[in-house]
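Trainee: I would like to go through this model step by step, starting with confidence and then turning to the packing. Please show it first.

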Amino acid sequence: MTTVSESAHPDACAWPGAWALLLAMVLLGGLWPVLAGPVLANPDEARWEEIRTALFGDRLPADGRDLLQLNTPYRAEDAAVVPVSIKPLADQAAGRRIQDLYLIIDMNPVPLATVFHFPGTQAWDEIATRIRVNAYSNVRAVARTEDGQLYMVVNYVKASGGCSAPSLKDPAAAAAQIGRMKLVLPERVSPGERLAAQFLIKHPNNSGLQFDQVSRQFIPADYVKHIAVSYQGQPLFTADTNISISENPSVRFGLIPAAAAGELSVQVQDSTGRAFEQTFPVVPSGG
Amino acid sequence: MRLSTPRGPLLIALCCVGLLGWRPAWADALPMTEAAPGVYLDQGVQEVAAPENQGHIANIGFIVGNERVAVIDTGGTYAEGLALRAAVRRVTDLPIAYVILTHVHPDHVLGAAAFEQDRPEFIGHANLADALARRGEHYRERALADLGEAAEGTRLVVPGSSVAGTRELDLGGRTLELRAHPTAHTNNDLSILDRQTGTWWLSDLLFVDRIPVIDGSLLGWLRELDTIDQGPALRLVPGHGGVPADRYAAVAAQRRYLQAVAAGVRAVLRRQGTIEEAVDSVGLAESGNWLLFDDYHRRNVTAAFVELEWE
Ligand SMILES: [Zn+2]
């Protein structure tokens, strides 16, 4: 394994740095190629260079501010639960339809929080989730359009203060209900009118990076790694997720209901091989 | 295998230099007050941890029996732990037999290493070791980053003894009753009742004047406040703020705040609102009632939201 030089990061409240990044790559089973590359003077920039090279090779994403809007809070109030939403700004029907959407938190041990894939059966208009952010960090959304181009928008998020930590509040409670799902729909469901739906699943999303001094072992990794959502048998989106997503993962997404009652089905897989599946009715409101 | 960082050796070197040449600005010993006979308390300042206050923001102290001393919480840095230890030694030469860590938060546990020289029994809630595994290293790094040289030498101590229900400690002619609470302020809250004086050291189960922080369960905490009101104590020692003259009024103020957050978040959830909407609208009428409202209220609403959305 090659080395990654990331010395003396100025923000010492960051995750343990390059070593944790490497360790995370090992623990997460080769999700990442081994990082190599030039060492830049600015550690933040160097970090992003490593991430960008690992994800996109030598491709440089273009400025995506005409294409995408990334909404993040100014400060991560609760380090374990930071709401993030992404809106496409351009017409999704044109040649620049967004197929893949990467959500990246530079300073997290596994910076790639999730990749959403949109197969294009329904145009998407907004997608939102919740992430763990424990250090001052750039948060990025990178879109790959169907013509293969990359576009990026970046926000800076300040770390939370005080005793906030990017970890579970009640691990026993999270484990007790693992796999319980919920779909939240608005009271009024009108055929042909886009609505915002929210999918939730109970899961501790343990990172595998936390060391127990008593047992002298890491708390085992156990996190949601894949979510697939389809409506009327047609895929709406899939998400490849990892430990930078908050416990009890949530995804809010747009849905255009059909005239007749239909079904939304969700399949979830986690890193330990568990699979969860549930189908929810989507019934247009009467009248 | 354990996590290490390239700057580890550098930090260790800095710590050693710091310990040799550096003295805490509070002149060696914390200025304790007696909340009740033999119950010594030093109030933390009602601020966010910063270099100016050296991280001394929590109430910490000790209780002296005829034969032994029990320390309750240890402060936000190694240096603060040393200052508390010096304060014990001003009062008594009796052995420090117990160091009780009331919960995982950094302003309460990060001074614990200062007492290792006394070889006490370190005691915490049954969930504390796990919580320290998940959060401790993050807290230590944040203390070093946020407090600078005031946090030099700060190390984690994982308690060797855990309490799942209740446990009695014999200080010699004085019995302390430890109680592990269900998830409330955190999932590892431990309180201490001194039967001799009727002093119930609740630590962060009770905040006085300073905005409470929800880091366990909002609903669990509300339930626990009812239990606390029924407890047989003459006085309560909060984790932040002064010993209240009226124990029921202090609990009622905290209950009112938590209920306002719960009601507001439930209203947002009923109309399928988002965390962002809740954070911008819920509980703002409580603003004038609490110190540090702007620092912690939005976080409390976030925590409440992700709990109550499963109701
Ligand atoms: Zn606390």
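Trainee: What is the mean pLDDT of chain A, and over which residues is the pLDDT below 50?
Mentor: This is a predicted model, so confidence comes before geometry. Chain A has a mean pLDDT of 84, with 84% of its residues at 70 or more. The stretch below 50 has 89 contacts in the model beyond near neighbours in sequence. Where pLDDT is low, the predicted coordinates should not be read in detail. The stretch in question in chain A is residues 1-40.

Trainee: Over which residues of chain B is the pLDDT below 50?
Mentor: Chain B averages a pLDDT of 92, and 91% of the residues score at least 70. The model as a whole scores ipTM 0.86 and pTM 0.88. In chain B the stretch below 50 has 30 contacts beyond near neighbours in sequence, and it covers residues 1-25.

Trainee: Is the aromatic pair of Phe56(A) and Tyr102(A) stacked, tilted or edge-to-face?
Mentor: The structure holds 10 aromatic pairs over all chains, and Phe56(A) with Tyr102(A) is one of them. Their ring centres are 4.9 Å apart, and the planes stand at 75°. Planes over 60 degrees apart count as edge-to-face, so the pair of Phe56(A) and Tyr102(A) is edge-to-face.

Trainee: How many residues apart in sequence are the parts that this pair ties together?
Mentor: Phe56(A) belongs to helix H2 (residues 43-56) of chain A. Tyr102(A) belongs to strand E4 (residues 98-105) of chain A, so the parts tied together are 46 residues apart in sequence.

Trainee: Are H5(B) and H6(B) roughly parallel or roughly antiparallel?
Mentor: Helix H5 (residues 218-230) of chain B packs on helix H6 (residues 247-270) of chain B at about 155°, with axes 10 Å apart. The crossing is left-handed. Angles over 145 degrees count as roughly antiparallel, so H5(B) and H6(B) are roughly antiparallel.

Trainee: By class, how many nonpolar residues has the contact of H5(B) with H6(B)?
Mentor: On the H5(B) side the contact includes Leu218(B), Trp221(B) and Asp229(B), and on the H6(B) side it includes Tyr248(B), Leu258(B) and Arg266(B). By class there are 2 polar and 5 charged residues, and the nonpolar count is 11.

Trainee: How is H5(B) oriented to H8(B)?
Mentor: H5(B) and H8(B) pack at about 100°, with their axes 9 Å apart. Leu218(B), Leu219(B) and Gly220(B) in H5(B) meet Ala304(B), Glu307(B) and Leu308(B) in H8(B). By class this contact has 4 nonpolar, 1 polar and 1 charged residues. Angles of 65 to 115 degrees count as roughly perpendicular, so H5(B) is, to H8(B), roughly perpendicular.

Methods
Residues are numbered from 1 along each chain as its sequence is written. Chains are lettered from A and ligands numbered from 1 in the order in which they are written. This is a predicted model: local features need pLDDT of at least 70, side-chain atom pairs count only at pLDDT 80 or more; totals for chains, interfaces and linings use all residues. Side-chain values use heavy atoms; hydrogens and water are left out. Axes are lines fitted to C-alpha atoms, for helices over the stretch in contact, and angles run from 0 to 180 degrees between N-to-C directions. Helices (H or I, at least four residues) and strands (E, at least two) are DSSP runs, numbered from the N terminus. Angles under 35 degrees count as roughly parallel, over 145 as roughly antiparallel, 65 to 115 as roughly perpendicular and the rest as oblique. A crossing is left-handed if the near helix is turned anticlockwise from the far one by less than a right angle, and right-handed if clockwise. Contact means heavy atoms within 4.5 Å. Ala, Val, Leu, Ile, Met, Phe, Trp, Tyr, Cys and Pro count as nonpolar, Asp, Glu, Lys and Arg as charged, and the others, Gly among them, as polar. pLDDT is the predictor's confidence in each residue, from 0 to 100. Rings of Phe, Tyr and Trp (its six-membered ring) pair if their centres lie within 6.5 Å; planes under 30 degrees apart count as stacked, over 60 as edge-to-face and the rest as tilted.
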